[in-house]
Amino acid sequence: SERTLVLIKPDGVARGLTGEILRRIEAKGYVIAELKKTTATAEQLAAHYAEHEGKPFYQPLVDFMLSGPIVAAVAEGEGVIPGFRSLAGQTDPTTAAPGTIRGDLGRDWGEKVQKNLVHGSDSIESAEREIGIWFN
Ligand code: ATP
């Protein structure tokens with residue numbers, strides 16, 4: 001069935017929100033098919049964020065993602081790709097709706113990068129590509 005890559009970013013892990021975020025995914029009815037705590041490498045991040053290379057937030061984003069451990073998961077279920085993005089909420093936690101991970105648990109910390117707790121794949125193609133980067 002459909003699969004998506006979820007990353008709990010360093011802010012989520014450091015703040016002790018791993019359980020809360022995984023709880024929301026499971027409570028929605030998705031299955032956690034793979035799960036690991038890891039530290040990203042520069043190579044993984046270059047591949048994962050290739051589409052953002054050259055943007056002003058690229059280097060702050062990479063530095064942030066290298067700043068501490070992350071949790072990588074594969075979530076599975078019908079419609080999980082848009083479904084997890086809906087659970088996560090809008091990119092900017094300031095405007096993400098209450099009820100979402102970013103809206104309930106995140107805010108603006110006044111930094112160059114949006115510390116927005118999670119990443120979720122945005123299409124079947126990117127999900128398969130991204131799962132290959134973090135799990136093999
Ligand atoms: P969405 O696709 O819903 O915007 P996303 O997490 O996939 O969410 P991307 O646009 O792929 O977001 O950007 C990757 C990450 O880069 C974001 O999650 C955020 O941490 C950071 N980011 C994106 N846009 C900005 C920005 N304008 N300023 C600072 N950081 C940003």
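1. The unreviewed UniProt entry assigns the feature "binding site" to K9, F57, R85, T91, R102 and N116. The structure discussed here is a predicted model, and the annotation comes from that record.

2. Around the ligand in the model stand F57, L61, T91, V113, Q114, N116, H119 and D122. By class, this shell comprises three nonpolar residues, four polar residues and one charged residue.

3. R85 is partly exposed because it has 18 C-beta neighbours inside 10 Å.

4. R102 counts as buried because 23 other C-beta atoms lie within 10 Å. With neighbours within four places in sequence set aside, R102 contacts A88, G89, Q90, P93, A96, N116 and L117.

5. Strand β1 (residues 3-8) is mostly covered, six of its six residues being buried. R3, L5 and L7 point one way from the strand, while T4, V6 and I8 point the other way.

6. Six bridges pair β1 with strand β3 (residues 70-76) in the antiparallel sense, and L7 has A72 as its bridge partner there. β1 also runs antiparallel to strand β4 (residues 118-120), to which three bridges join it; in β4, V118 is the bridge partner of I8.

Definitions and conventions:
Residues numbered from 1 in each chain as written. Predicted model: local features only at pLDDT ≥ 70, side-chain atom pairs only at ≥ 80, totals over all residues. Near = placed C-beta within 6 Å. Nonpolar A, V, L, I, M, F, W, Y, C, P; charged D, E, K, R; others polar. UniProt positions renumbered as here; feature names shortened; annotations may be inferred. Buried ≥ 20, exposed ≤ 12 C-beta atoms within 10 Å, placed from the backbone. Contact = placed C-beta atoms within 7 Å. Helix = DSSP H or I, 4+ residues; strand = E, 2+ residues; numbered from the N terminus. Pairing = 2+ DSSP bridges.
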